Amino acid sequence: MNAYPNITVIASLIADTSRSIFLAALLDGRALPAGELAYMAGVSPQTASNHLAKLVAGGLLQVEQQGRHRYYRLASQEIADLIEKMASIAPPAQIRSLKQSSQLQQLSHARTCYDHLAGKLGTSLCEALLESGYLVEPNEPQSKDYLITEKGSQWLSSFGIKLQSKPGSRRAIARKCLDWSERRHHLSGLLGEQLFHRLLELNWIRQKPGSRSIEVTEAGKSGLYEVLEISL
C-alpha cells in the first residue's frame, strides 16, 4: 500500500483548462464571482459552476455567498505558491495576438502573486534586499526562507514596515517564491505582503483595475532607485 499522499487528486483538479484559468485568475488574492470567472475561461455559467464546485470540494478554493452571488478565492497562500511554481516549469504560452503579447509583458514586468509582488519588480526587490545585506541566505541549503539581518530590521523599520505576526501564526516571514516569468525568487510571506502594502501607501505602485498587473509610478521609479538602487 502506498503511504504517500495521493497527489493525483490535486493534479486531476488542476489538469483542466477551465479550472487552471480560474486558479490563475485568482492568484492576486481577490474573490471573483462565478460569472466573471466563466467569462475569463470562455465557458457557460453552468459549466463554470460545476468546475468551481469541484475546486471547492478539493480544498483549492473557498466560496462566500453574498446575496444571489457566490464569490470564489484561493483557499490559502500555499495554493497560490503551488500554482506559481507549476507556472515556472510549464512551457511558455503561445502568443496569438497583440493583446496577449501586451498582457504578458505587463504581467512579466510587475504583478501580484496572491498578497505579494512578482515579476521583474518582485525579483528586483528581493535581489536588492539581499545585495544590501538586509536579507541573507540561511546556512541550511534546503531552507525555503531568507533570514532578516539586524541591519535589515533597522532598514525595514525606517521604511515604515513593522513585521508583527498574529499570535499563534505559523506564517513564514521571508519566504522564497520562484517567479514563473523571471525564473528567480521573489519574496512572499509576511515581509512580501508588508512590502506590497507599503509601496501602495507611498503611491510608488498602483494595481490596475481587474488585473494582476502593477504599474510603477514615476515617484516609485525614483523612490526605488533612491532607497534600493532598483532601476525599472
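Author: The conversation below goes through cysteines, a helix, a hairpin and salt bridges in this predicted model.

Reader: How many disulfides does a search of the whole structure find?

Author: The search finds zero disulfides. For cysteine 113, the nearest cysteine sulfur belongs to cysteine 177 and is 4.4 Å away. A disulfide needs two cysteine sulfur atoms within 2.5 Å, so cysteine 113 is in no disulfide.

Reader: And where is the closest cysteine sulfur to that of cysteine 126?

Author: It is in cysteine 177, at 10 Å, which is too far for a bond. Cysteine 126 is buried, with a relative accessible area of 1%, and cysteine 113 is buried too, at 0%.

Reader: Now to helix 2: which of its residues are buried?

Author: In helix 2, residues 17-25, the buried ones are Ser18, Arg19, Phe22, Leu23 and Ala25. They lie on the same side of the helix, because they cover an arc of only 165° around its axis.

Reader: What caps the N-terminal end of helix 2?

Author: Aspartate 16 does, with a side-chain oxygen 3.0 Å from the backbone nitrogen of serine 18.

Reader: What about leucine 27, buried or exposed?

Author: Leucine 27 is buried, with a relative accessible area of 3%. Its place is in the loop between helix 2 and strand 1. Among the residues it touches are Leu74, Cys113, Glu84 and Arg212.

Reader: Which residue meets arginine 212 in a salt bridge?

Author: The partner of arginine 212 is glutamate 84, at 3.9 Å from N to O. This pair links distant parts of the chain, 128 residues apart: arginine 212 is in the loop between strand 10 and strand 11, and glutamate 84 is in helix 5. Both arginine 212 and glutamate 84 are buried.

Reader: And with which residue does aspartate 179 form a salt bridge?

Author: Aspartate 179 pairs with arginine 111, the closest N and O atoms being 3.1 Å apart. Aspartate 179 lies in the loop between strand 8 and strand 9 and arginine 111 in strand 4, so the pair ties together parts 68 residues apart in sequence.

Reader: How many salt bridges does the structure hold?

Author: There are 11.

Reader: Lastly, in what sense do strand 2 and strand 3 pair?

Author: They pair in the antiparallel sense, over six bridges. One example is glutamate 64, whose bridge partner in strand 3 is tyrosine 71. The hairpin has two residues between the strands, and glycine 67 takes a positive phi near 65° there.

Notes:
Residues are numbered from 1 along each chain as its sequence is written. This is a predicted model: local features need pLDDT of at least 70, side-chain atom pairs count only at pLDDT 80 or more; totals for chains, interfaces and linings use all residues. Side-chain values use heavy atoms; hydrogens and water are left out. Buried means under 20% relative accessible area, exposed over 50%, partly exposed in between (1.4 Å probe, protein chains only). Two strands pair if DSSP finds at least two bridges between them. Helices (H or I, at least four residues) and strands (E, at least two) are DSSP runs, numbered from the N terminus. The arc is that of the directions from the helix axis to the C-beta atoms. A polar contact is a pair of N or O atoms within 3.5 Å; within protein, one must be able to donate a hydrogen and the other to accept it, and residues adjacent in sequence count only if both atoms are side-chain atoms. Contact means heavy atoms within 4.5 Å. A salt bridge is a side-chain nitrogen of Lys or Arg within 4 Å of a carboxyl oxygen of Asp or Glu. Lists of a residue's contacts leave out its neighbours within four places in sequence.
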